[in-house]
Each structure stands twice: as C-alpha cells, then as structure tokens.
Amino acid sequence: MSDINAVPRTDKAAADDVRVGVYVCHCGGNISDVVDTAAVADALSHHPDVAIARDYVFMCSDPGQSLIVDDIKAGKINRVVVAACSPSLHELTFRKALERAGLNPYLYEHVNIREQTSWVHKGDHERATRKAIRLTAAGVEKVARQDPLESIAVDVVPHVVVIGGGIAGMSAAVALAERGIGVTLIEASDRLGGRVAELPSVYPTEQTGEDLIRELRDHLFVEPLIEVRLRSRVTAMEGHVGKFRLLVTDADGASAEVRAGAIILATGFDHYRPADGELGYGTSPSVMTLPEFLGVLRDGSLANGELRIGQKTVKSIAFIHCVGSRQIEGVHAPQADGKVNDYCSRVCCTATLHAIREVQRRCPDIAIYDLHKDIRTYGRGHEDLYLQASRDGALFFRYPDEEPPVVADRSGAAVVTTKDVLTWGEELEIPADLVVLATGMQPRDISDLIAMRKLPVGADRFLQEVHPKLRPVEMAVNGVVLAGACQGPVDIGEACAAAQTAAAKAAILLSKPVIELDPFVAHVQEDLCDGCELCLAECEYQGALTMVEVQNDGGSVRRARVNPALCAGCGACAAVCPPRAINVAGWTLDQFDAMVDAIVAEDVESLARSERRARSFAPLAVTIGEASR
Amino acid sequence: MRSEDDLKILIITTLISSYPGANTVGQARLQYSPGTYIIRVPDPVMFPDDFYIQSLKKGIDGIIVMSSGSDCPYEGAYARLSARISRVYGRMKELGIPTNRLKLTTVCTVCKAAFLKEIREMQQAVLSDAAAAAA
C-alpha cells in the first residue's frame, strides 16, 4: 500500500468553465489613496474570464471575506483573484475563505498592489492605477489556467534521527524525548559532548564544559526514548520526509537500518588549523591555537600563580584574533576550495577574552597583549570581559585588516610585529613567551552526508537553511533540519536555542500520523511526455524524478514520473522539457506566458478568453503512490 | 522618443528572497517607476531560454532576474540559471536584441538599494538603446 496519497478536497470548478471573481482592496486608504480601485475593478469587469469584479474597503475583514464566500456559494464564480497587500500577509487568509466556501483553495491568486504599487508610486496615481490593472489582469490569466491542487499526504514514522552528539545534538534529542518522540542519536566518536566537553570553563556560569555536558548526558542515558549509537556513522540515506531510511554502520563494520520521519543534523564544526608557518604556528614552539591553550588551562599547567609550558615559565602572552576568520583575498592564503574564510567566527573574541580573564585571575603577573581587528563581544554581558581585561592591565592593539601581525622566532622566544591603528599606525615589536592564535570555526567535512541527500551548502561551506530569518533551521530538503554550528559559527547558547527550535520543528512535523505537504512540486502530464529524459539530468534531488514504463496503445513506453515527497519544486526540470509536459504545479510556464501577455496588452478587453489546455495530470494518488514504491 | 513612462520592465523575483526584498522597498516607501512588473516564482531556473526571448518580442522592454544567487536553497539551481542566461545572451545577439535588456542579478530580502539600482540601470539601458536605434 502506498504511503503517500492526495488529500481529497471538494472542488466545484470545472476545467472548461472559468468564472473568475476579482476583489480589489482599498486597504483603508493604503491602496485607494493612490490607486483608483474602482477603476481597477471596472477595467477587470471587462476581462472575458471575469464574472464579478468588486472593490471593497478591507477585503481581509470578515465582511470582505464574506463577499468572496457568498459569490462562490451562489455559483457565480469558481476562481478568485484578490488585489491587495503582499501575499505573505493574507494569501492563506483568502485560501481558507475559498475552502470554507467549498472551493479548492488553490484556485486562488493574490496580486500585490500595495507594497509593490501604491506604496512605491505615490506621485503618479494614473500610472499606478494602470499598473494595478495590468497586474490584476495577469493574476486573472494565471488563475484561469490554474488546476485544483491537492495537498500531498505522507505517512509518518514518529521517530527522529539526530546526527551528531555534541551539545546541540544532545539538547535536541532530550527536547524531542520530553515531547514523547523516540530518537536515535548517532555520534561518530566514542563519547558525547563534542567541542563543549573540551572547554575548561564557559561564560557566564564558569562551569566546566564537562559539567555542562554531564547534565544533559545524565538525562539522556536514562531516557528510554533515546537510543545512543557511539562510534557510528550514517553510510546510506534514502526516503523522504515522514519516512527516511538510514543505514548506520559502527566502528566494527556492523550495519543496521534506522527509520525516521525527520532528521536533525548537528554535525558541528572543526577548529581552523593554521598552515605550517602561518603566524609561526608549527615552526615556533611558542605559538599555539586558542583551543590548544584552553587544553593547557584544563590540564593543570596553570597553577600556583604560574603558567608553565614545557620547561618555560610564561611571563607574557600575545593573543592574536581573527586567525582563519574574516580573511581577505590577496592577503590570506585560500582554503582547499580556493576561497578564503571571509566570515566572522563570532565566538572567538569572547572566548579569547574569557581565556585572558582566566589567566589574569590565576596568574595576575603575566603580561597580556591582545591584537585584534576589532573586538566583537556581541553577546549579553560579553562586553564585560573586555572591560575587565582592560581594567586589569591587558594591552589592546588594533591591527589593520590588510596587514596582519607577523610572528618571528628569536632564539626560542616569539616576537610579534604589528601596526597599531589606535596609535595612528605606530609599528610595535612585542616579545612574548607565548603567542595564542584565536582560530575560528570551519565547516566539518561531512561531504558524504551532503552527497547522500544533495544538502544545500552556502558560500561559506556551512550547511544552508531555507531562509536565515523566516525558516532559520529548515533545509530545502524537506524533513531535514539543522541544529548548532553545522550551520555556521554559533556560541553554546545559540547552539542550544537552534537545537530546541530544530526539535520543535521536527516534533511539529511528526505530531500527526500524516504530514500534509504543499502541492507545489513538479507534475508530469503523461500524454505530453515523450520520454526524452532531458529532465532527469536537471534534477538534483535523488529519486524525485524517475523514468517508468507505462502502457500506451498496447505497447510499453517510458515516461517521466515525480515522487512529490522528494521533489523540492525548483522547476529546473520544467525549463528543459520541449513539449512542456513537466511543470511545477501552481507555477506552470503556460501561466507565466499568459501573465506576460496581460502585462504587455493594450487593455484588458483585448485579452482573449482563456483557452485552457485540456489537462490530464495523472491523478495524484496513482502517480505518487507508484513513484514511491 | 521613448521615455521612462513608456517602459515595461519585467522583474522576476524569488519567493524566498527578492520578492520579500521588493516588499521591503515598499515598506520603506521608497519610490520607483510604475513601469515595473514584478512576478514571483519558486526559482527562475524554471524558465526555458525561449521564455526570455518571447517576452522581449512580445513587448517587454527589459527583464531583471533577481535571483537568490549563491544563497539559493535549491541545489545547483543558480549555476543552471546562470548558464541559461549566458545561452540566452547568445541567442539575443543572433537575433539583434541588445543583451543589456536582460540582467541576472542577486537581490535578498533587505537589498533595498540594490533593488532600486537595478531598476534604474535597466531603464537607462533600454532608453539609451532606444535612442541609439532612433539615431
């Protein structure tokens, strides 16, 4: 039995009987103060596909929505265009109104004549009105060619796989278990806790990283809904949102299949490792990275008011910021992919100052020099570290972006040469017993996982969300969400916040036995498909588009077929299909052609009554079900 | 002589970045020419080469494709779109259509200045082509 089906809806609109209702909103005066809304409605009333055209003071109000509902229920219209504000505000409002009236909610088009017309053309009412007429006519042309669409229903496995056992992965796993959702937590190393467990203390609680992790770990190991697999990796992944199948292989080579409805990626980051000789790293025994220095703080080398590195007692330390971050082309050597790390790693300023405070507290006699491009202690209370370090004698020097400091080794001691912007470019030579490089974060190499699901990666090589503000933890691959530093540099608090968000997203996704997905995915009109397979080469989403044998006139022919749960709806396939057999539902090329016709038309009357191509999209339940098997 | 008032600039925006970007321009009440028609798509990679040529032939004066650039959430889509636009430029040259009437650019949700700059530049390009043709 298929696990994916169309959700049946009531649809009163017949394909060959197009009667569009056009509703032009005044938005109080936000629109009608500039656009002559009555003139727009009047012009559209002459469109051959328009049965009713009205203007009203607030279409989103209950009486405004009732206009639409009543016209549908009276059988006057079977498609709707509302010309109003941005669709991001009220597209859903009006779709629900259609649904209440018994009409397929996707037989609707929203035209933006506020943010993109009245608000930006205040000085030219006449041309703003002409533009509103053309845009609304384009909306009519689009909706006239719109087919009823059905949400895609996918059966759900109520289980989540979390990949990565650092603080973000652990936090997400615990949050899911608290909601009653089973979790398999997969960690490549032999311990949980990731990078946080290595920290000698964390700001502002001053707990050790290990203490912080222990709180989560104690919770995690007694939670019956969480299965932890250490020394394990995901070696294969297939399926789709609601039903992913992952092959998990342990260090002994034993593999097991794990099924999940959603996946949380919490694969973390790698510390930037300076190249040999970069700022003396690897060539001078007096140079180490900040993570290495934190290891020194943790292992007890700093005790009794004295810091010893090897046989040497350290009397002075120079900290250099932005090593491996905020790099500049032409100044810094590129990474393996030919690009420099031009992003800010965000946490190293605070981490460096926190380490400085630790030294000042325990060894107040050690001289501290801090060389930075600028200090970015952006978090709540983080600026205090800077002020306290400065108050207790740390000397701060600001080096120019294009001229990073130079570290030389002189008889086993380091000498740092730099220019100081704060003293108008004065050149300084700073002898230091120890140089600590504040290295940034880099994306961890998870190219195997990326290749398995074609996961989107940003220009900075970190995993990329759909939208940094509106959908900050979701990926374009449905059912895969992000937690923590796999997405970009974050501090511990941000990693945990992202993990909670990711857990909430996954929990919402799995809260019902069936997921309803948007229907805006590719569809194939089989009677137009000639089996040329050009579309296959364009599709980046494994399994989304396949060729199948179908019976035709007593023979067997090959036709493209879409698995809607795997299709991302980008439309790359549509662009290369010569007979236009494949389109993204709701966004067909015929619709866009007709919209352009309306924009260039002299007037609305000149637009011909729509000749809707007889469509024969295979019924969703059949197409999707077969494709998913 | 054509003026800015006569032009019809088609602006193709993406649901996830440049369409909200156009809204941001409106929310800031920044003004631009009414001869601009914004359509929204999941991703402009869905348009075949011919869509651009036919739109220009139908009477669209200039097309600005405001993509999500390297931030596009669809794997490989921007590279494909970029390659396609390059091919369209080739066809435009063959057909004698000035290539500056089609522009691929990147506009995000908060790129107000870039949005307005692209419109201004397209208008200037179309008008200077028209002036040159008239001369």
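Which residues in α8(A) meet residues in α9(A), and which residues in α9(A) do they meet? In the predicted model, L290(A), F293(A), L294(A) and L297(A) form the α8(A) side of this contact, and their partners in α9(A) are C348(A), A351(A), T352(A), A355(A) and E358(A). By residue class, the contact of α8(A) with α9(A) comprises 7 nonpolar, 1 polar and 1 charged residues. Helix α8 of chain A spans residues 290-298 and helix α9 of chain A spans residues 348-362; their axes come within 11 Å and cross at roughly 30°. Because angles under 35 degrees count as roughly parallel, α8(A) is roughly parallel to α9(A). The crossing in which α8(A) passes α9(A) is left-handed.

The crossing of α1(A) past α5(A) is right-handed. On the α1(A) side the contact involves A39(A), V40(A), A43(A) and L44(A), which meet T129(A), A132(A), I133(A), T136(A), A137(A) and V140(A) in α5(A). The residues of this contact divide into 8 nonpolar and 2 polar, with no charged residue.

Chain A contains 16 helices and 32 strands. Along the principal axes, the C-alpha atoms of chain A fill a box of roughly 90 × 65 × 45 Å. Among contacts in chain A between residues at least 6 apart in sequence, 72% join residues at least 24 apart. The division of chain A gives domain 1 (4-150), domain 2 (159-268 + 444-511) and domain 3 (278-321 + 336-433). Taken over C-alpha atoms, the centres of domain 1 and domain 3 of chain A are separated by 62 Å.

The contact between the chains was examined next. Chain A contributes 45 residues to this contact and chain B contributes 40 residues. In chain A, the helices α4 (114-118), α5 (125-144), α14 (572-575) and α15 (589-600) each supply at least two residues of the side that touches chain B. Of the contributions to this side of chain A, that of α15(A) is the most, with 7 residues. The residues of the side of chain A that touches chain B divide into 23 nonpolar, 10 polar and 12 charged.

In chain B, helix α1 (residues 18-27) is mostly covered, with 8 of its 10 residues buried. These buried residues are S18(B), Y19(B), P20(B), G21(B), A22(B), N23(B), V25(B) and G26(B). The buried residues of α1(B) pack against elements of both chains: α3 (87-100) and α4 of chain A, and β1 (9-14), β2 (36-41), β3 (62-67) and α4 (112-134) of chain B.

Backbone geometry was then considered. Most residues other than glycine have a negative phi, and most peptide bonds are trans. Just after α1(B), R29(B) takes a positive phi of about 60°. R29(B) is a residue other than glycine and lies in the loop between α1 and β2 of chain B. R29(B) counts as exposed because it has 10 C-beta neighbours inside 10 Å, the limit for an exposed residue being 12 or fewer. In chain A, D553(A) also is not a glycine, and its phi is positive, at about 50°. The position of D553(A) is in the loop between β30 (545-552) and β31 (555-562) of chain A. With 6 C-beta neighbours inside 10 Å, D553(A) likewise counts as exposed.

A cis peptide bond, with omega of about 0°, joins Y203(A) and P204(A). P204(A) lies in the loop between β8 (182-186) and α7 (209-222) of chain A.

Key: Residues are numbered from 1 along each chain as its sequence is written. Chains are lettered from A and ligands numbered from 1 in the order in which they are written. This is a predicted model: local features need pLDDT of at least 70, side-chain atom pairs count only at pLDDT 80 or more; totals for chains, interfaces and linings use all residues. Axes are lines fitted to C-alpha atoms, for helices over the stretch in contact, and angles run from 0 to 180 degrees between N-to-C directions. Helices (H or I, at least four residues) and strands (E, at least two) are DSSP runs, numbered from the N terminus. Angles under 35 degrees count as roughly parallel, over 145 as roughly antiparallel, 65 to 115 as roughly perpendicular and the rest as oblique. A crossing is left-handed if the near helix is turned anticlockwise from the far one by less than a right angle, and right-handed if clockwise. Two residues are in contact if their C-beta atoms, placed from the backbone, lie within 7 Å. Ala, Val, Leu, Ile, Met, Phe, Trp, Tyr, Cys and Pro count as nonpolar, Asp, Glu, Lys and Arg as charged, and the others, Gly among them, as polar. Domain bounds come from an automatic or database domain assignment. A residue is buried if 20 or more other C-beta atoms lie within 10 Å of its own, exposed if 12 or fewer, and partly exposed in between; C-beta atoms are placed from the backbone.
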